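Hi,

Here is the structure I promised to pass on.

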Amino acid sequence: ILNVSLESLIANLCACLVPAAGGSQKLFSLGAGDRQLIQTPLHDSLPVTGTSVALLFQQLGIQNVLSLFCAVLTENKVLFHSASFQRLSDACRALESLMFPLKYSYPYIPILPAQLLEVLSSPTPFIIGVHSVFKTDIHELLDVIIADLDGGTIKIPECIHLSSLPEPLLHQTQSALSLILHPDLEVADHAFPPPRTALSHSKMLDKEVRAVFLRLFAQLFQGYRSCLQLIRIHAEPVIHFHKTAFLGQRGLVENDFLTKVLNGMAFAGFVSERGPPYRSCDLFDELVAFEVERIKVEENSPVKMIKHVRELAEQLFKNENPNPHMAFQKVPRPTEGSHLRVHILPFPKINEARVQELIQENLTKNQNAPPATRVEKKCVVPAGPPVVSIMDKVTTVFNSAQRLEVVRNCISFIFENKILETEKTLPAALRALKGKAARQCLTDELGLHVQQNRAILDHQQFDYIIRMMNCTLQDCSSLEEYNIAAALLPLTSAFYRKLAPGVSQFAYTCVQDHPIWTNQQFWETTFYNAVQEQVRSLYLSAKEDNHAPHLKQKVREKKRTLIVWD
């Protein structure tokens, strides 16, 4: 028996200074003849999971964990219960780490005390763990997804509509997880299967599973930086994410899952933290900028996909275990058979005042110790490729070019007053305007005519232009990215016809009933676009020679911040 008070052990643990991230090690002792080690990760932005993720999949299975993953991303309440407190902590940590690069921003309580069970009735989303002794109490909850870690099941109430990952990402993720967690599945039906494929050891298996989710987020958020809008730069940058443009260009306007993710608190934090163009970067930034095309190519090649997953897993493993040779640790263990004793001493009552006193003494000793800080290496964040549709769309280039040519010809005939040719091409041009490229072409062509001072129209020309504008605006729904409607807006107040001497009718009087003009999100997005353009023109076109010497450095800093947005 060690002659050390429990208060001293607690105080020594609470007063221990943890070094900053960067891969450093620190040996410390609680004062009980022990020698223990703190190993910091290389990057504190990457979660540290040990084997908790692999254990969660072992306990619940692929489909159940994917359901919980979708539940936390769409801000549902998730509750774990188990007879083991350690498993509750591991499960909560594993589920939160799968969200990386997003961060969970709601109540997160791995072990909920019995006195606080009423927290489970709160209206906010949460990730909470409770002991199985309260199993009968928690089954009365109507809006909580309950996961039984010991039984390997989850219960989703009927009142909850759980949104799923969009296809083909859902199928790809399930297939990748099956190959990693069940490597023999691919050859299970062979008459003469090859020698049994061994699973990776638990720590590496944990990182391989996390690598699958890292690839998933890289595909899900591919091109997100092209939808960031810088709407204020001083005193601190304020960044807005153009959600409707992102959903429209990804072809996921009607996808319930991604819409909920983009509207969630976790994604708002993601934009705030990762939006600035000059900051420290990590594995996700490299993956989403440079590896998305590789991931897409590997979709139909399991061998290449597994190779990439293992490359990412090695980086995640090295982040948690940067030093291959760990320092020797010594932790006294109970004597053999001590748990079989009949007479077990009761757990001693802790003297709270004594603990506080000892903690204060230790903190006083450590006052002169250097603070645990680490200088972050900042760089310009790689922008990566632009947003593309998540589905491979087979389009005919010839047909697209032909439709654009029809629109251009029709507009030329209108302004050249060739009525017969206009009547022939107008129906085809109106059909072509169902496509986004043709609508963009219309705004570009009309803009050119405004620049050429050809905005005054006769009655026939005015009617034709109004028909084309109305046809274009019919497809600018509240879920589109609004670029076309925003481009048409100044044109509607540029084109007009004379009704009588001194009386003119502008185009906006004939298109003002479209619902797009009553959509608040349209005006917000258009305003943010205009602000960003003004900010760009203010700083990027600034001549340093025109500024006083004391302002030159400030201009350089602003230009460095803005240059990546251009």
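I'll start with a side-chain pair: Q505 makes a polar contact with T509, side chain to side chain, at 3.3 Å. By polar contact I mean a pair of N or O atoms within 3.5 Å; within protein, one must be able to donate a hydrogen and the other to accept it, and residues adjacent in sequence count only if both atoms are side-chain atoms.

Before going on, the ground rules. This is a predicted model, where local features need pLDDT of at least 70 and side-chain atom pairs count only at pLDDT 80 or more, while totals for chains, interfaces and linings use all residues. Residues are numbered from 1 along each chain as its sequence is written, and side-chain values use heavy atoms, with hydrogens and water left out.

Back to Q505, which sits in strand β14 (residues 503–506). Helices (H or I, at least four residues) and strands (E, at least two) are DSSP runs, numbered from the N terminus. Q505 has 18% relative accessibility, so it counts as buried; the cut-offs are under 20% relative accessible area for buried and over 50% for exposed, with partly exposed in between (1.4 Å probe, protein chains only). Leaving aside neighbours within four places in sequence, Q505 is in contact (heavy atoms within 4.5 Å) with F462, F495, Y496, R497, L499 and C510. S493 is 12 residues away from Q505 in sequence, and their C-alpha atoms are 9.5 Å apart.

C510 turns up again from another direction. N470, in helix α18 (residues 459–474), is in contact with C510, V511 and H514, again leaving aside neighbours within four places in sequence. With H514 there is also a polar contact between the two side chains, at 2.7 Å.

Next, the sheet. It is open, has 5 strands in the order β4-β5-β3-β6-β7, and its pairing is mixed. The edge strands are β4 and β7 (153–155), each with a single partner, so one side of each has no neighbour in the sheet. Strands count as paired if DSSP finds at least two bridges between them.

Strand β5 (residues 127–131) is the one I'd look at here. 5 of its 5 residues are buried, so the rest of the structure largely encloses it. I127, G129 and H131 are on one side and I128 and V130 on the other, so to speak for both faces: each is covered. β5 pairs in parallel with β3 (residues 77–82) over 5 bridges, and 2 bridges join it, also parallel, to β4 (residues 108–109). I127 has V78 opposite it and also Y108.

What does helix α10 (residues 265–274) bury? A266, F267, F270, V271 and R274 are its buried residues. Seen down the axis of α10, they fall within an arc of 140 degrees (taken from the directions from the helix axis to the C-beta atoms), so they line one face of the helix. They pack against β8 (228–232), β9 (238–241), α9 (256–262), β10 (278–279) and α11 (283–290).

Last, the cysteines. C16 is buried at 19% relative accessibility, and C227 is buried at 3%. The disulfide count is 0, taking a disulfide as a pair of cysteine sulfur atoms within 2.5 Å.

Cheers
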